[in-house]
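My notes follow the order in which I looked.

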Amino acid sequence: MASLDDDINSGVMTGRLRALAADQPMSVLVVDDDELERALISDRLAQRGLKVGQASDGAQALEILRGDRIPVVIVDWHMPVMDGIEFTERFRADLPGDTYVIMLTARKEDFDFERGYRAGVDDYLTKGVREPELIARIHAGLTTHSLRVQLREARAALQFVTRRREGT
């Protein structure tokens, strides 16, 4: 049974996020053209101990990601300059890597989900998501990112060992 002190600030998910911090960077990039929405999400995440970057559109986000590896990106669909779908497609094509992309949008039709996943998002949430669910999804994203990094490193080590055994 949870105690009265076991809230989102000190509860299980925040504890898990902090435990992950020992093994990897706890950075999230929030991409949304709505300045208030971006600030609210960023503040909530920063209160959980996450390092939060912000971008107002997909083009700005790509520039940030070209210079900084960030484990989780939260991106809105509707934005000027470059929307979330185009951002995700270009990001996956131009900067392939281990980053986990969460689409956070007002769009909620079945074909919207399909379009988002086809573009390369890893997770899809609709705006108005409850804070505990958002934190849980970010935790899943950070965990997935960590596992992707470990898998890539293990594959590289295996290839190195295999090449050495074959004498190449």
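I took helices (H or I, at least four residues) and strands (E, at least two) as DSSP runs, numbered from the N terminus. By that rule I found 6 helices and 5 strands in the chain. Along the sequence they follow the pattern α-β-α-β-α-β-α-β-α-β-α.

I noted that this is a predicted model, where local features need pLDDT of at least 70, side-chain atom pairs count only at pLDDT 80 or more, and totals for chains, interfaces and linings use all residues. Residues are numbered from 1 along each chain as its sequence is written, and side-chain values use heavy atoms, with hydrogens and water left out.

Next I looked up burial. Of the 168 residues in the chain, 39% are buried (under 20% relative accessible area, 1.4 Å probe, protein chains only).

Then I turned to α3 and α4. Helix α3 covers residues 58–67 and helix α4 residues 84–94; they pack at about 25 degrees, with axes 10 Å apart. The axes are lines fitted to C-alpha atoms over the stretch in contact, and angles run from 0 to 180 degrees between N-to-C directions. α3 and α4 are therefore roughly parallel to each other (angles under 35 degrees).

Which residues meet there? From α3 I listed G58, A61, L62, L65 and R66, and from α4 F87, R90, F91 and D94; contact means heavy atoms within 4.5 Å. The residues of this contact divide into 5 nonpolar, 1 polar and 3 charged. Here Ala, Leu and Phe are among those counted as nonpolar, Asp and Arg among the charged, and Gly is counted as polar.

Technical notes
Parallel < 35°, antiparallel > 145°, perpendicular 65-115°, else oblique. Buried < 20%, exposed > 50% of the residue type's maximum accessible area, 1.4 Å probe, protein only.
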